[in-house]
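Here is a short walk through a model, one region at a time. Keep the structure open while you read.

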Amino acid sequence: MTRSYKIAVIPGDGIGNEVMPEGIRALEQAASLFGFTVEQKWHDFAHCDYYLKHGRMMPEDWKDQIGQPDALFFGAVGWPAKVPDHISLWQSLLLFRREYDQYVNLRPVRLMPGVPCPLAGRKPGDIDFWIVRENTEGEYSSVGGTMFPGTDREVVIQETVMTRVGVDRVLRYAFELANSRPHRHLTSATKSNGIAVTMPYWDARVEAMAKHYPDVRWDKYHIDILTAQFVLNPDRFDVVVGSNLFGDILSDLGPACTGTIGIAPSGNINPDRTGPSLFEPVHGSAPDIAGQGIANPVGQIWSAAMMLQHLGEVEAAAAIVTAIERTLAEPALRTRDLKGNADTATCGKAIADAMG
Ligand code: GGG
């Protein structure tokens with residue numbers, strides 16, 4: 001029987017609409033080469049024009065409309081001139097992460113062959129690590145509020161929330177990942193000198209979890225020096241685990257150190273498979289370049305590979321990554337963020353063609 005996957009496709013805002021067709025092109029090419037089918041259901045919500053029309057980012061019955069897909073394939077969200085970012089994000093992407101319990105945000109940082117590295121002397125293979133970001137709590141909490149708004153007694157409070165279950169499950173995932181890799185090395189991002197309640201708690205849970213993984217060498221860095229180490233010694237890392245905010249910051253910095261954030265993919269993973277996982281590029285909607293057809297499609301295409309890996313189509317996933325590497329090695333096929341001249345579709349088509 002033919003393997004078949006139901007995918008909810010949500011392009012979202014801005015360049016999400018330009019890079020998504022290239023992600024789909026790679027997905028369809030992989031399906032035809034590796035003998036499976038992809039049933040796509042496109043959704044015209046979770047974008048700011050929908051908000052302007054309906055006063056909300058998604059319909060009330062969005063979950064029914066999405067149904068029970070095997071995965072969600074997401075573009076980007078946000079257009080601050082239309083809708084404040086905290087509204088567009090909380091009513092779409094952050095809602096998906098929480099509703100589907102996608103508690104791991106997995107983001108690779110890899111220097112690809114041919115991609116000009118802004119850090120001197122680095123070659124492909126030198127930088128190759130994973131960032132595991134906690135994805136449903138931490139600094140991204142809905143606990144807090146405002147008092148006396150608009151007066152000189154104004155107070156705003158937002159709490160960081162760390163639960164034992166929430167911290168332990170993402171740490172377990174990160175240690176398992178480190179344990180499966182040749183270097184078996186895990187780095188934890190902290191700031192327990194300054195943030196004196198939640199971060200010492202995080203550190204203590206790391207220490208407790210490490211006892212279950214005696215073969216994993218682990219260390220911790222305060223987030224400030226860790227960002228410096230990303231720039232100075234990115235070859236030092238294997239698996240880096242961080243809270244929601246720290247993981248978010250590190251996973252923009254990591255890809256920037258390997259050439260461009262435009263190529264970085266991510267998986268919002270529900271490891272327990274009690275709901276679908278969501279795959280999206282790390283970059284946002286980039287209103288400044290939207291509509292010009294010049295966005296780098298690699299982050300979306302590599303996210304398709306991560307999605308296929310998650311669905312068990314391991315060979316197809318590897319074929320997409322190899323095609324990305326071959327294409328990026330060719331200067332004429334790179335987009336502007338990589339000092340090339342190729343437009344979004346030219347780069348995306350080249351990747352699909354390179355798959356065979
Ligand atoms: N494709 C990713 C995207 O649209 N990101 C918007 C954003 O700002 N996300 C914040 C986050 O991931 O925490």
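## Ground rules

Two residues are in contact when their C-beta atoms, placed from the backbone, lie within 7 Å. Helices (H or I, at least four residues) and strands (E, at least two) are DSSP runs, numbered from the N terminus. Residue numbers start from 1 along each chain, following the sequence as written. What you're looking at is a predicted model, where local features need pLDDT of at least 70, side-chain atom pairs count only at pLDDT 80 or more, and totals for chains, interfaces and linings use all residues.

The chain has a mean pLDDT of 97, with 100% of its residues at 70 or more. The model's scores are ipTM 0.92 and pTM 0.96.

Helix α11 runs over residues 314-328, which is 15 residues, and spans 21 Å from first C-alpha to last. That's close to the 21 Å expected at 1.5 Å a residue (the expected span is 1.5 Å times one less than the number of residues). Its buried residues are Ala316, Ala317, Ala319, Ile320, Ala323, Ile324, Thr327 and Leu328. They cover an arc of only 160° around the axis, so they sit on the same side of α11; the arc is taken from the directions from the helix axis to the C-beta atoms. In general, an α-helix has 3.6 residues a turn, so residues three or four places apart point the same way.

Here, "buried" takes 20 or more other C-beta atoms within 10 Å of a residue's own, "exposed" 12 or fewer, and "partly exposed" is in between, with C-beta atoms placed from the backbone. Val314 and Glu315, on the other side of α11, are exposed. What do the buried residues of α11 pack against? Their partners are α1 (16-34), α10 (298-311) and α12 (344-354).

## Helix α12 and Ile351

From α12, the buried residues are Thr344, Cys347, Gly348, Ala350, Ile351, Ala352 and Ala354, and they pack against α1, α10 and α11. Take Ile351 in this helix: it counts as buried because 29 other C-beta atoms lie within 10 Å. Leaving out residues up to four places away in sequence, Ile351 touches Ala26, Ile301, Ala323, Ile324 and Thr327. After α12 comes Gly356, with a positive phi near 125°.

## Ala8 in strand β1

Ala8 belongs to strand β1 (residues 3-12). Is Ala8 buried or exposed? Ala8 counts as buried, because it has 21 C-beta neighbours inside 10 Å. Residues up to four places away aside, Ala8 touches Lys41, His43, Ile66, Pro69, Leu72 and Phe73.

## Around the ligand

The ligand is surrounded by Ala76, Val77, Gly78, Leu89, Leu93, Asp248, Glu280, Pro281, His283, Gly284 and Ser285 (a residue is near if its C-beta atom, placed from the backbone, lies within 6 Å). This shell splits into five nonpolar, four polar and two charged residues. Ala, Val, Leu, Ile, Met, Phe, Trp, Tyr, Cys and Pro count as nonpolar, Asp, Glu, Lys and Arg as charged, and the others, Gly among them, as polar.

Most residues other than glycine have a negative phi. Asp101 isn't a glycine, yet its phi is positive, about 50°; look for Asp101 in the loop between α5 (93-99) and β4 (104-110). Arg184 isn't a glycine either and has a positive phi of about 45°, in the loop between α6 (164-179) and β8 (185-190). Asp101 is partly exposed, with 19 other C-beta atoms within 10 Å, and Arg184 is partly exposed with 16.

Terms used: pLDDT is the predictor's confidence in each residue, from 0 to 100.
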